[in-house]
Amino acid sequence: MCRRLGGGWAGFAVTVLLPLAGPAAAQVQAQVVQAQVAEAPIVQAQVHVRYADPDRFTDAENRFGSGQPLRFTLAELTRIFRDLGTARLRPDERLDIIVLDVDLAGFERPGFATPTGLRVVTDATPPRIRLAYVLHRGGRIVAQGEDTVTDINFLLTSNPRFSTGSLYYERQLLRDWFARRFPEPAGRR
């Protein structure tokens, strides 16, 4: 069996020596393949998220002592932005987001000392995220702006019963924003 594993003289030597050397060649082959995988650049869109004065956000943490702390909410929002950006942006694009304010869906209900807190969600308390963004492609700015992302019909368009994870309404809100702002998924551009 003769397979070409790499370019240049190293690939030629492995191609020629592989059928001749037996078990030792298998080790060399594994090392060459590992080296090629390590050298192959993994290119994907980059999403950088910053938070402008998160201690002053409208409602991003449980202020009554139970529930998720602010750092957890910000880490989860960062993960949501990065996941959505990876799915919607081209590999050569970079999206810089500055979150200016966060108002989570619902409101906290004081007086309930449960480990996860109690957040009451009604149609009168939609999630709202104010952000500024800049989209770079090839070193040039191709889009920028400031948006207040909200949906007063969020309870009609989402079903958290089948969700896993926290910040379900906010994730759905940002998914819709990404789809409107960056309409073509990365694979179809």
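**Entry 1: β2 and β5.** I began with the pairing of strand β2, residues 93-103, and strand β5, residues 128-137. The two run antiparallel, and 10 bridges join them. I then looked up what faces D103. Its opposite residue is R128, in β5. I note here that this is a predicted model.

**Entry 2: the sheet.** Which strands form the sheet, and in what order? I found an open sheet of 4 strands, ordered β1-β2-β5-β6. Its pairing is mixed. I checked the edges next. They are β1, at 46-51, and β6, at 140-150. Each of these edge strands pairs on one side only.

Entry 3: Which strands does helix α3 lie across? I traced α3 over residues 70-88 and found it across β1, β2 and β5. Helix α3 runs at about 155 degrees to β1. I turned to α5, residues 168-181. This helix lies across β2, β5 and β6. Its angle to β5 is about 40 degrees.

**Entry 4: G139.** I went to the loop between β5 and β6, where G139 lies. Is G139 buried or exposed? I found it exposed, because its relative accessible area is 76%, and the cut-off for exposed is over 50%.

**Entry 5: the whole chain.** I counted 5 helices and 6 strands. Read along the sequence, the pattern is α-α-β-α-β-β-β-β-β-α-α. The chain has 189 residues, and 34% of them count as buried. I looked at contacts between residues at least 6 apart in sequence. Of these, 67% join residues at least 24 apart. The chain exposes about 11,600 Å². Carbon and sulfur atoms supply 56% of that area.

**Entry 6: confidence.** I left the confidence values for last. The mean pLDDT of the chain is 76. I noted that 63% of the residues reach 70 or more. Where does pLDDT stay under 50? One stretch is residues 1-21, with 21 contacts beyond four places in sequence. Another is residues 32-40, with 5 such contacts. I keep one caution beside these stretches. Where pLDDT is low, predicted coordinates should not be read in detail.

How values were computed: Residues are numbered from 1 along each chain as its sequence is written. This is a predicted model: local features need pLDDT of at least 70, side-chain atom pairs count only at pLDDT 80 or more; totals for chains, interfaces and linings use all residues. Side-chain values use heavy atoms; hydrogens and water are left out. Two strands pair if DSSP finds at least two bridges between them. Contact means heavy atoms within 4.5 Å. Axes are lines fitted to C-alpha atoms, for helices over the stretch in contact, and angles run from 0 to 180 degrees between N-to-C directions. pLDDT is the predictor's confidence in each residue, from 0 to 100. Buried means under 20% relative accessible area, exposed over 50%, partly exposed in between (1.4 Å probe, protein chains only). Accessible areas come from the Shrake-Rupley method with a 1.4 Å probe; for residues, only the protein chains shown count as cover.
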